Amino acid sequence: MKLNGIKTDVNMKKADQARIPFSSNNIRLSAHEWIAAAIVCSALLYLGPVLWGHLEKFDPGVDYRLPYELGNDYWLYGRYCRWACSKYDTLVVGDSVVWGHYVSSDNTLSHYLNQNAGKECFANLGVDGFHPAALGGLLRYYGRNISGKNVIIQFNPLWMISAKHDLQTEKEHHFNHPKLVPQFFPEIPCYKDSFSKRFSAAVERYMPFFSWTSHLRIVYFENMALPNWTLEYPYQNPMSAVTLNIPAPNDDLQENVSWAEKGIAQEDFQWIEPAQSLQWRFFRQTVDLLRARKNTVFVVVGPFNEHMLKPDGYKIYQKMKSEIEAWLRQNNVAYCIPSVLPSELYRDASHPLGRGYAMLAKQLFENESFKSTILNEGD
Amino acid sequence: MLFHTWPFALFFLIVYPVYLVLKGNRFRLPWLLAASYFFYACFNPLYLILIGYSTLVDYTVVTRMAKSPRRKMWLSVSIINNIGLLGFFKYAGFVTENLNALLSSLNISYAIPEPGFLLPIGISFYVFQSMSYTIDYYRGNIDREKSIIAYAAFVSLFPRLVAGPIERARNLLPQLHKTPKVSLQNVADGLSLFIVGLFKKVALADYLALYVDNIYAAPEQYKSAALILATFLFCWQIYFDFSGYTDMARGIARMMGFNLMLNFNNPYLATGLSDFWARWHISLSSWFKDYVYIPLGGNRKGTFNTYRNMFLTMVISGLWHGAAWTFVIWGAVHALGRFVTRELERTPFYKEKVPKLVKQLFVFAFVTFAWIFFRAESIGDAWLIITRIFNSGWANPNCPVWALILIFGVWIYQFVFESKRRWIFDLAPVRIGLIVAMILYLVLFAPSSEQGFIYLQF
């Protein structure tokens, strides 16, 4: 049999090894060369994200919030966290309610908190599309810099309105940010991704390089892997897409129409009790994590749109709220359960409109616990 | 549990250290066998019955052959059993489908029920490997394997179990008996092979598949340029996919101290069709040469018989790849190519005047054309693609230039590697640079891939 071009003697010591050609190429390293390759790779994998942070322009201004389309960019979130921790005393974290889904960036909770404070001291670290399970993962793995700060964390009871929202259905249900939830334990019943995907997700959290590659993909390649991107733009040079400019946030999602005007009817939610709720469990773990990192934590529960609840559901919600409050009190967590806002200031079950946020901020500034914990007044 | 997935990484991280601890004692082979059976059972636990049965029959046959004067009868038992297994699991659907078509054409309303079982992964590979053992023993080329554990490990060795290389007993069995020497160089070699294979599979084959699959799924929607480029890309996709798998298999085996045979040797640099088959899926083509072509008479009985034997071997080889007429035609087209290039190579003009590069490009073009039959869903689709290539006119093919750059990069590497300038690749910085580039490309750009290997379906 012909074996054209095969080199059989490179680094071969034994005759029996030389009998079988190594390969049809010469990409063969010795142990020492592998060590050199490993050092070069490790250095590049470590330095890539670090150097990129210096090359890529990122200048969040007043009322900055992560653009909606970059919600999956956990590396950028980590970078924003570092920036916010260096500039602000208090970080406001939470889901789309904190982020301000239906309002412009100058109508969010953090904006009105700053307005009440008369200075820039509250940063909007909310992310649209998050839920407590994912938020916990985000803060645990990408928000490591949040330490020794004041943290206002909002709990949205919306995540307990049904087994589906609470991730408890036995049937597979695709939810946002599966990479951030616990991959193996505790088990999330509706999460059915393959072992490979879960393991990849678990590895990615500890290797900034992988989240950085996701950042490149999300920011420059329309959230596609390079091969898929080249199919969309077959004749374009991929390097030309890397502009080193992070897209600025836009306010495309804002709507100033109340839930009633939108024609949303009252609903009878199938509430999950706090003792059984996975989302509430993940939220509690996040509070514990933030406190373990020496942060001063202040919890805001709601403000849920109680006007949307039918009478029976309303009673259950009140009971649930008092159970949540009991846990916060028992665990010495500073908190505020703001009174419900006027009906016309809600866009849906949980999102206030601009004036609603202004009212919520005012309520917080009048709250004694908030004053003593976050504003350091009294005591 | 494919080589490029996390479950395999975990499997190997458990199996390998234990193997290193046991490699010097009598538990090495049982451990290897248990790991191989576990690996196979991860695809489907029922497959174990099949591989266990196949192993037991061939082991028993050779044991009987050793003690019986009726050696030919025992060989027949082995061949009938192995071909029967393949026929039952691989070709029953094909035969039924064709018989039903025949019955229908004769206006007979009866239809034979189609078998509902799936083709067990890797059956074509380990059945052929097992069969080669009985034939080689019958021919007196090898000694009888006395240990059933060693024989079972030979048939099921997990790096090569599901897609080859189809090893010969005379190469692998002695290695299984020796205490394997796992040196640092073995590990370094294994890693080198594995990374190259992983790159071929994940960064190249899976990438090219994105374009090829789109076009071959609906060829009627595309015009000439797109169909030509899709076929060109498939030509490289299947090479990267299968040779990538083999590289990884050889790399894993090398880390364990085993030397598996070379299965691909830059086939797209072949100067003739015979040369191509000496470079493509070498373990299979040499199997067919040794156990089909030569027993049929090889080239010993005149030109007509030589070509008849060549034709039969290629058609059977085509059918080995899949139970469909497209594979039969693919084999026949290759047989035709072998006739033509064999005759051409006998003429002084072709031999001496035609530049090597022209021969290589001619063979490459021919092989690429033949892949249309291999890849198309049906003969109708293959014909449609061929006719549309010639008469559908021009439209922008939207083929990613990046894919073409990668392909030509590899092709140029291969040309240089087989030229006088191959010393360039002997330089350590070049070799290290290529490995680093491949690793970085994999982690930076390659999509997370759980796509199966094309050859697993055979």
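Two residues are taken to be in contact if their C-beta atoms, placed from the backbone, lie within 7 Å. On that basis, 42 residues of chain A are in contact with 49 residues of chain B. This is a predicted model, in which local features need pLDDT of at least 70 and side-chain atom pairs count only at pLDDT 80 or more, while totals for chains, interfaces and linings use all residues. Residues are numbered from 1 along each chain as its sequence is written, and chains are lettered from A and ligands numbered from 1 in the order in which they are written.

**Side of chain A that touches chain B**

- Helices H2 (31–55), H7 (195–204), H8 (208–220) and H9 (226–232) of chain A are the elements that give two or more residues to this side, where helices (H or I, at least four residues) and strands (E, at least two) are DSSP runs numbered from the N terminus.
- H2(A) gives the most to the side of chain A that touches chain B, with eight residues.
- The residues of this side divide into 25 nonpolar, 14 polar and three charged, with Ala, Val, Leu, Ile, Met, Phe, Trp, Tyr, Cys and Pro counted as nonpolar, Asp, Glu, Lys and Arg as charged, and the others, Gly among them, as polar.

**Sheet of chain A**

- Five strands of chain A form an open sheet in the order S2-S1-S3-S4-S5, with parallel pairing; two strands pair if DSSP finds at least two bridges between them.
- The edge strands, each pairing on one side only, are S2 (122–124) and S5 (334–336) of chain A.
- Strand S1 (residues 90–93) of chain A runs parallel to S2(A) and is joined to S2(A) by three bridges, and Val92(A) has Asn124(A) as its bridge partner in S2(A).
- Helix H11 (residues 278–292) of chain A packs on the sheet, touching strands S3 (150–155) and S4 (296–301) of chain A, and its direction makes about 180° with that of S3(A); axes are lines fitted to C-alpha atoms, for helices over the stretch in contact, and angles run from 0 to 180 degrees between N-to-C directions.

**Domains of chain B**

- The domain assignment of chain B gives domain 1 (6–180) and domain 2 (186–444), with bounds that come from an automatic or database domain assignment.
- The C-alpha centres of domain 1 and domain 2 of chain B lie 26 Å apart, and the contact takes 20 residues from domain 1 of chain B and 19 residues from domain 2 of chain B.
- Leu208(B), leaving aside its neighbours within four places in sequence, is in contact with Leu233(B), Trp236(B), Gln237(B) and Ala403(B).
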